[in-house]
Amino acid sequence: MLIGEIKPGEKITIRKLADTYGVSTMPIREALMKLEAEGFVTISRRSIVVNKLSEKDVREIFSIRKRLEKLAVEWLIPNISSSHLASFDQLLQDMDQQIDNHVEWRKLNKTFHLKLYSYSDSQPLLELLSQLWGRVEVYMNMYTSKHYLSIAQEEHCKILEYIKNNNESRLLDLLEQHIDATCDAIIQEMPK
């Protein structure tokens, strides 16, 4: 679901999912109950529907993400060292190599951001950010283009540069722009 194999608004059945993944219906039921608790599906007596976010929902989630990610950046600056930052160089190279594989690039993108925010040294903040990322991840997988990924990749390099140079104000401005661009790219491509 999170990579867009099952589209928002699509109806699914437990049996079909079990057959697709070659498992019994019990683990599928358990997974769907968890997904319902997290807001990804709605289970009624006769159907299961993948939840669809409205444009308003997407904007609100990104607005919350923006505030929390800026907080994470403020908190990580005193905690992150040059040796920590060096580990991101390989991650960015891996992302460059996957720029044509949107699904893999986005997995690495999520790793990049959440690994960076882990240096905020706040488990509650990281859990909230992970949950918010999960709410829009399917939309990121479905509605962002290679052109957007190239721009985002350039911004990732600048994010690291600003952290290395301890330029918090430019970093926060760029992060806000980065998150707004992602939100706008998704909303522009969402079916109306």
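Me: Which residues in α3 meet which ones in α5?
Reply: This is a predicted model. In it, Glu-69, Ala-72, Val-73 and Leu-76 are the α3 side. On the α5 side they meet His-113, Leu-116 and Tyr-117.

Me: How do the residues of that contact divide by class?
Reply: Five are nonpolar, one is polar and one is charged.

Me: What angle do α3 and α5 pack at, and how far apart are the axes?
Reply: The angle is about 50°. The axes lie 8 Å apart. Helix α3 covers residues 55–76.

Me: What does that make α3 relative to α5?
Reply: Oblique, because angles under 35 degrees count as roughly parallel and 65 to 115 as roughly perpendicular. So α3 is oblique to α5.

Me: New topic. How many cavities of 30 Å³ or more are there?
Reply: A search of the whole structure turns up three.

Me: Which residues are closest to the centre of the second largest cavity?
Reply: Asn-109, Met-140, Tyr-148, His-178 and Thr-182. The lining of that cavity has 13 residues.

Me: Which elements give two or more residues to that lining?
Reply: Four helices do: α5 (102–118), α6 (123–143), α7 (146–164) and α8 (168–189).

Me: Which one gives the most?
Reply: α5, with four residues. That is the helix that also packs with α3.

Me: And what classes of residue make up the lining of the second largest cavity?
Reply: Six are nonpolar, five are polar and two are charged.

Note on methods: Residues are numbered from 1 along each chain as its sequence is written. This is a predicted model: local features need pLDDT of at least 70, side-chain atom pairs count only at pLDDT 80 or more; totals for chains, interfaces and linings use all residues. Side-chain values use heavy atoms; hydrogens and water are left out. On a 1 Å grid over the protein atoms alone, a cavity is a set of points where a 1.4 Å probe fits but cannot get out, and a pocket is an open set with protein on both sides within 12 Å along at least five of seven lines; lining residues have an atom within 4 Å of a point. Grid points are joined across faces, edges and corners, and a volume is the space filled by probe spheres set on the points. Ala, Val, Leu, Ile, Met, Phe, Trp, Tyr, Cys and Pro count as nonpolar, Asp, Glu, Lys and Arg as charged, and the others, Gly among them, as polar. Axes are lines fitted to C-alpha atoms, for helices over the stretch in contact, and angles run from 0 to 180 degrees between N-to-C directions. Angles under 35 degrees count as roughly parallel, over 145 as roughly antiparallel, 65 to 115 as roughly perpendicular and the rest as oblique. Contact means heavy atoms within 4.5 Å.
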